[in-house]
Structures are given as structure tokens and as C-alpha cells.
Amino acid sequence: MKRKILVPFLGLLALICIGLYLFQVYTINSFYAPYCSSVETYEVGETIDLGPNYFDTISENPSGYQITVKSCKVTTYGEFIQRYNGNLDTSWPDKPVYDIEIEIHNENATEGYVNLARYALQQYGLQEYQDYELAQLMDPRLPEIPVFKLKLGNTVTYHLPFIYGTEDARESEGQGKLSNQDDLYLVVSQHPTKKQIHVKFTN
């Protein structure tokens, strides 16, 4: 008699445990899903709808904004400074500056913004953020924090200047140069979809 009661009880207990496990898996997946990135890769010249994808917080919400990389140029630090009549440190005038020209367009965004402060040049898991001192040299009107909110239908062009490599590498002769551009990307969003643009630089 006890055996007849015990078997259904153990079966019911097993079903409860399985149910609790499945509920826990669903809860964890639901919580972390917005932070797990799928990856979409684009090419220079393609127009990218940013959608509800962001870097740090959902409040960025760049839905309705579009990004297009127009050109990717490499020059030297000295030439860059001379072009924009700057007087920044030129102790290493030959170090390369990687300049990405992008177009930002508000197609139908009514809220949110484009968080350019987090746009990064990425290669092999390493990334560099724009040199904002150089960006402000190109356009002194830039805000202290590079985020953009545009009126509906408006378009602006913006330059993202990068100095590649660590400070120690930049001070070493021949360093700070990209030896391989096959896996070089400009990252324009991180969550829930990582959107990146495959870039190659020309002189």
C-alpha cells in the first residue's frame, strides 16, 4: 500500500522540480535577454537603422536614427593638426590618425539620442574610442559630451578621429599603425544587437 502511494508522490515531486527548473531558466533568460548581443555587420556606404539598440542604457533609444559611414581616411597627427590650425602636442607628428566620416540622419525619431561617446574602433576584441580633443579641433561647436539629438528629417556629418594603440605603443617608432584591416570594425550599438561596420582606411 505504501509503495502504491510513494510512486505517484515521487512522480509528482519530480514534475514539480522540473517545473521549477524550467521556470527558473525562463526567468533568467527573460532577465538577461536584453543584454545578450547578436551581431550584425555592415559595409561602408550602407545606411544602418539603429533601431532600439543601445550601449549603456535603454534610455538611449536611438530608434528612428540612421548611420552611414561615408569615408575612412588615415593621415598623420602633424598633418591633421596643420589642416585644422591646431596647436596640440606634436611631439610625435608621424603617428597616424584614423578619421571616419559618418552621416547621422533622423528619419523618424521623436525621442532618444545617438551616443557617439561610445562609438569604438574594434579589432580582435580590443577597442579604441575617438580622440575627442581632435574631434573638437575639427568642430569647436561640439558639445562637451558627444551625444546627438536631431530634429525630425535633419542630417549632420560628423568625424570620428582615432589614435590607435596604447600610449606606450604610440611612443614607439612604427607603432600605433594598423598592420591588418581585415577585422576592423566601427561599433555603433551593443545591446541587444551589436551593430558594426567593417571599415578599411585609405590615405
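**Figure 1. Salt bridges in the predicted model.** Three salt bridges are counted in this predicted model. Side chains of opposite charge can pair when their charged atoms come close. The three close-ups that follow take the pairs in turn.

**Figure 2. Glu40 and Lys195 form a salt bridge.** The N to O distance between the two side chains is 3.8 Å. Glu40 belongs to strand S1 (residues 38-43) and Lys195 to strand S11 (residues 193-198), so the pair links distant parts of the chain, 155 residues apart. Glu40 is partly exposed, at a relative accessible area of 32%, whereas Lys195 counts as buried, at 8%.

**Figure 3. Arg118 and Asp56 form a salt bridge between two loops.** Here the side chains meet at 3.0 Å, N to O. Arg118 is in the loop between S5 and S6, and Asp56 is in the loop between S2 and S3, so the pair ties together parts that are 62 residues apart in sequence. Arg118 counts as partly exposed, with 25% relative accessibility. Asp56 also counts as partly exposed, with 45%.

**Figure 4. Asp139 and Arg141 form a salt bridge.** The N to O distance is 3.0 Å. Asp139 is partly exposed at 22% relative accessibility, while Arg141 is exposed, with a relative accessible area of 75%.

**Figure 5. Phe55 and Tyr119 form a tilted aromatic pair.** The structure holds four aromatic pairs. In this one the ring centres are 5.7 Å apart and the planes stand at 50 degrees, so the pair is tilted. Phe55 sits in the loop between strand S2 (47-49) and strand S3 (65-76), and Tyr119 in the loop between strand S5 (114-115) and strand S6 (120-123), so the pair ties together parts that are 64 residues apart in sequence. Phe55 is buried, with a relative accessible area of 6%. Tyr119 is buried as well, with 1%.

**Figure 6. Phe148 and Tyr158 form an edge-to-face aromatic pair.** The distance is 5.5 Å centre to centre, with 70 degrees between the planes. Phe148 lies in strand S8 (residues 147-148) and Tyr158 in strand S9 (residues 155-162), 10 residues apart. Both Phe148 and Tyr158 are buried.

**Figure 7. Lys95 lies over the face of Tyr77.** The distance from Lys95 to the ring centre of Tyr77 is 4.3 Å.

**Figure 8. The largest nonpolar core holds 34 residues.** In soluble globular proteins, nonpolar side chains tend to be buried together. The members that touch the most other members of this core are Ile100, Ile102, Ile104, Tyr119, Tyr158 and Leu186. Two or more residues come from each of S3, strand S4 (96-106), helix H3 (132-138), S9 and strand S10 (184-189). S3 gives the largest share, five residues. Another core, of eight residues, lies apart from this one; Ile81, Val97, Leu134 and Met138 are among its members.

**Figure 9. Contacts of Tyr158.** Neighbours within four places in sequence are left aside. The residues in contact with Tyr158 include Ile100, Ile102 and Ile104, which are also among the residues that touch the most other members of the largest nonpolar core. Glu101, Leu116, Gln130, Tyr132, Ala135, Leu142 and Pro146 are also in contact with Tyr158. Phe148 is another contact of Tyr158, and the two rings form the edge-to-face pair of Figure 6.

How values were computed: Residues are numbered from 1 along each chain as its sequence is written. This is a predicted model: local features need pLDDT of at least 70, side-chain atom pairs count only at pLDDT 80 or more; totals for chains, interfaces and linings use all residues. Side-chain values use heavy atoms; hydrogens and water are left out. Rings of Phe, Tyr and Trp (its six-membered ring) pair if their centres lie within 6.5 Å; planes under 30 degrees apart count as stacked, over 60 as edge-to-face and the rest as tilted. Helices (H or I, at least four residues) and strands (E, at least two) are DSSP runs, numbered from the N terminus. Buried means under 20% relative accessible area, exposed over 50%, partly exposed in between (1.4 Å probe, protein chains only). A charge sits over a ring if NZ of Lys or CZ of Arg is within 6 Å of the ring centre and within 35 degrees of the ring normal. A salt bridge is a side-chain nitrogen of Lys or Arg within 4 Å of a carboxyl oxygen of Asp or Glu. A nonpolar core is a set of buried Ala, Val, Leu, Ile, Met, Phe, Trp, Tyr and Cys residues joined through side-chain atoms within 4.5 Å. Contact means heavy atoms within 4.5 Å.
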